[in-house]
Amino acid sequence: MRVGRGAADELGDVITGLGLSRPLLVTDAFLEETGAAERMVATLRKAGLHPRLFSGTVPDPTTDSLAPGLQALHDHEADSVIGFGGGSPMDTAKALALLGAQGGHMRDYKAPRVNVGPALPVIAVPTTAGSGSEATQFTVITDSATQEKMLCLGPAFLPLAAVLDVELTLSMPPRLTADTGIDALTHAVEAYVSRKANPFSDSLALTAIATIGRHLRRAYADGSDIQAREAMMLAATQAGIAFSNSSVALVHGMSRPIGAHFHVAHGLSNAMLFPAVTAFSLHAATARYADCARALNAATPAASDATAAAELVDALHSLCRDLHVPTPRDHGIDQDAWTRLTPLMAQQALASGSPANNPAVPTTEEIQDLYTQIYT
């Protein structure tokens with residue numbers, strides 16, 4: 001990992017040091033239009049590399065959207081893939097790296113299968129502070145045929161290197177800052193309360209929670225606050241490492257179907273669910289949620305676990321209000337469509353495996369109830 005202001009200028013050195021020379025730079029149309037992608041290409045060429053640009057990624061990448069990227073990968077005879085952007089370009093890069101080496105269809109690699117490779121090396125360069133994808137062994141791709149948001153996991157998806165340059169996040173608008181920031185907080189809390197939590201993930205999760213608590217509102221209020229931006233970027237990566245070593249839980253399991261069926265940004269769908277799912281889960285891991293509340297500075301060290309855990313839910317509601325997180329209704333989602341799709345979303349949430357990591361493992365009916373509860 002290269003971390004710090006201006007670290008993006010070292011990308012060529014990173015790739016050269018790994019013995020690679022023909023990277024496919026995977027990004028989106030926005031970063032191409034702003035010139036950021038071409039500046040990255042120029043940096044790579046200056047280092048003596050032979051890059052090719054692919055800017056065809058889409059929000060919440062689909063199996064259909066992978067096809068032109070895979071063609072570009074083969075045409076370029078790429079030996080590596082750079083994911084440059086938010087979670088979607090990084091997820092796309094991971095998927096292309098695996099398909100480029102193994103072939104087949106993305107549905108062949110979805111959970112519960114654990115993918116160990118082979119895969120082309122991935123170098124991640126995030127431009128948002130939230131997904132943590134630069135440090136995780138997960139990618140999420142929507143099946144274009146079924147609209148299922150497939151969780152794919154395993155060491156094959158873990159980037160070989162990451163470059164964290166806070167200057168790349170300065171153009172993030174407030175809504176994206178809020179959604180990605182709450183995404184990072186969700187990662188950290190779920191990593192800590194997950195049934196697969198461990199001392200290594202615990203330490204990173206609590207550090208990330210504390211950092212996000214101090215800096216997310218600042219970054220949202222003033223996008224030019226470089227100190228807050230830098231802190232959020234590091235916390236997002238720490239949270240990514242944490243959940244990659246423990247796993248996310250019910251919020252993420254329920255969030256993916258919302259994104260797939262209603263095209264809600266991943267961080268925003270997490271934010272819609274976060275307070276209600278936390279309240280549902282408190283009784284099964286009160287002490288752990290209390291630790292999260294204290295790290296977030298939502299409870300005093302002297303507060304009992306029960307009091308602190310309840311204050312965490314209040315703090316999450318307050319954070320969502322301050323960051324203007326809409327309900328599904330406020331976001332414009334039709335109630336009839338929501339109600340009609342709720343049973344299917346509940347089934348897809350359970351099938352992802354993430355709810356099984358939750359402190360309170362829900363039934364299908366309980367997941368449906370939670371979807372109904374958050375709509376308004």
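Analyst: Let's start with Val81. Val81 is buried, with a relative accessible area of 0%. Buried means under 20% relative accessible area, exposed over 50%, and partly exposed in between, using a 1.4 Å probe and protein chains only. One caution: this is a predicted model, where local features need pLDDT of at least 70, side-chain atom pairs count only at pLDDT 80 or more, and totals for chains, interfaces and linings use all residues. Residues are numbered from 1 along each chain as its sequence is written, and side-chain values use heavy atoms, with hydrogens and water left out.

User: Which element is Val81 found in?

Analyst: Val81 is in strand E4. Strands (E, at least two residues) and helices (H or I, at least four) are DSSP runs, numbered from the N terminus.

User: And what does Val81 touch?

Analyst: Among its contacts are Leu24, Val26, Ala93 and Ile123, leaving out residues up to four places away in sequence. Contact means heavy atoms within 4.5 Å.

User: Switching to helix H3. Which residues are buried there?

Analyst: H3 covers residues 36-46, and Ala36, Ala37, Met40, Val41, Thr43 and Leu44 are buried. Seen down the axis of H3, they fall within an arc of 155°, so they line one face of the helix. The arc is that of the directions from the helix axis to the C-beta atoms.

User: What does the face turned away carry?

Analyst: That face of H3 carries the exposed residues Arg39, Arg45 and Lys46.

User: What do the buried residues of H3 pack against?

Analyst: They pack against several elements, including helix H1 (11-17), strand E2 (23-28) and strand E4 (80-85).

User: New topic. At what angle do H6 and H8 cross?

Analyst: The axes of H6 (residues 174-193) and H8 (residues 226-244) cross at roughly 40° and come within 8 Å. Axes are lines fitted to C-alpha atoms, for helices over the stretch in contact, and angles run from 0 to 180 degrees between N-to-C directions. H6 and H8 are therefore oblique to each other. Angles under 35 degrees count as roughly parallel, over 145 as roughly antiparallel, 65 to 115 as roughly perpendicular, and the rest as oblique.

User: Is Asn297 buried or exposed?

Analyst: Asn297 counts as exposed, at 67% relative accessibility.
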